[in-house]
Amino acid sequence: MGRKVLLVDATGLGRGQFPTAFPEAAAGAGPVAPAFTRIRIQAAVARQDTRSGRAVVHLVWAGADRGGTYTDGRLTDIPFHHARGDGTWTPLPPTTPS
């Protein structure tokens, strides 16, 4: 699911699928211009967060920006949460580590 959220974030397409990750889409905001193309996931790992009911998917990916520059090693963290007793993980807004 982390890969899907990253692709939606980077391309701007399908943000309505994840209203908790993209609240502006849920509020009826218009389409978002694609920021990246030719996206390739290079590595992914999911870890339990220090807070109960939370996890973070760390993604390393490559993609071409609007200028056509293809860059490897881009980083994005996507936090997820779930309610106690619920096995469904819900994505929260993605972050770019500094």
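Colleague: Buried means under 20% relative accessible area, exposed over 50% and partly exposed in between (1.4 Å probe, protein chains only). With that in mind, is Gly 28 buried or exposed?

Modeller: Gly 28 counts as exposed because its relative accessibility is 58%. Please note that this is a predicted model, in which local features need pLDDT of at least 70 and side-chain atom pairs count only at pLDDT 80 or more, while totals for chains, interfaces and linings use all residues. Residues are numbered from 1 along each chain as its sequence is written, and side-chain values use heavy atoms, with hydrogens and water left out.

Colleague: Where is Gly 28 found?

Modeller: Gly 28 belongs to the loop between α2 and β1. Helices (H or I, at least four residues) and strands (E, at least two) are DSSP runs, numbered from the N terminus.

Colleague: What does Gly 12 touch?

Modeller: Not counting residues up to four places away in sequence, Gly 12 touches Leu 7 and Val 32. Contact means heavy atoms within 4.5 Å.

Colleague: Which residue has a positive phi although it is not a glycine?

Modeller: Arg 38 has one, at about 50°. For background, most residues other than glycine have a negative phi. Arg 38 is placed in strand β1 and is exposed, because its relative accessible area is 55%.

Colleague: On to the sheet. In what order do the strands come?

Modeller: The order is β1-β2-β3-β4, an open sheet of four strands with antiparallel pairing. Two strands pair if DSSP finds at least two bridges between them. β1 and β4 (90-91) are the edge strands and have a single partner each, so one side of each has no neighbour in the sheet.

Colleague: How many bridges join β2 and β3?

Modeller: β2 and β3 are joined by 10 bridges in the antiparallel sense, and Val 60 stands opposite Leu 75 in β3. Their hairpin has four residues between the strands, and Gly 68 takes a positive phi near 90° there.

Colleague: How many for β3 and β4?

Modeller: That antiparallel pairing of β3 and β4 runs over two bridges. In β4, Pro 91 is opposite Phe 80 and Thr 90 is opposite His 81.

Colleague: Where does α1 lie relative to the strands?

Modeller: α1 lies across β1, β2, β3 and β4 and runs at about 140° to β1. Axes are lines fitted to C-alpha atoms, for helices over the stretch in contact, and angles run from 0 to 180 degrees between N-to-C directions.

Colleague: Which residues of α1 are buried?

Modeller: In α1, Gly 2, Val 5, Leu 6, Val 8, Ala 10 and Thr 11 are buried. The buried residues of this helix pack against β1, β2, β3 and β4.

Colleague: Which members of the largest nonpolar core touch the most other members?

Modeller: Among its 14 residues, they are Val 5, Phe 18, Phe 22, Leu 59, Trp 61 and Ile 78. At least two core residues come from each of α1 (2-11), β1 (36-48), β2 (54-65) and β3 (70-81), and α1 gives the largest share, four residues. A nonpolar core is a set of buried Ala, Val, Leu, Ile, Met, Phe, Trp, Tyr and Cys residues joined through side-chain atoms within 4.5 Å.

Colleague: What is Phe 22 in contact with?

Modeller: Leaving aside neighbours within four places in sequence, Phe 22 contacts Val 5, Val 8, Asp 9, Arg 15 and Pro 94.

Colleague: How many aromatic pairs does a search of the whole structure find?

Modeller: The search finds one. Phe 36 and Trp 61 form this edge-to-face pair, at 5.0 Å centre to centre and 90° between the planes. Phe 36 is in strand β1 and Trp 61 in strand β2, so the pair ties together parts 25 residues apart in sequence. Rings of Phe, Tyr and Trp (its six-membered ring) pair if their centres lie within 6.5 Å; planes under 30 degrees apart count as stacked, over 60 as edge-to-face and the rest as tilted.

Colleague: Are Phe 36 and Trp 61 buried or exposed?

Modeller: Both Phe 36 and Trp 61 are buried.

Colleague: What lies over the face of Trp 61?

Modeller: Arg 74 does, at 5.6 Å from the ring centre. A charge sits over a ring if NZ of Lys or CZ of Arg is within 6 Å of the ring centre and within 35 degrees of the ring normal.
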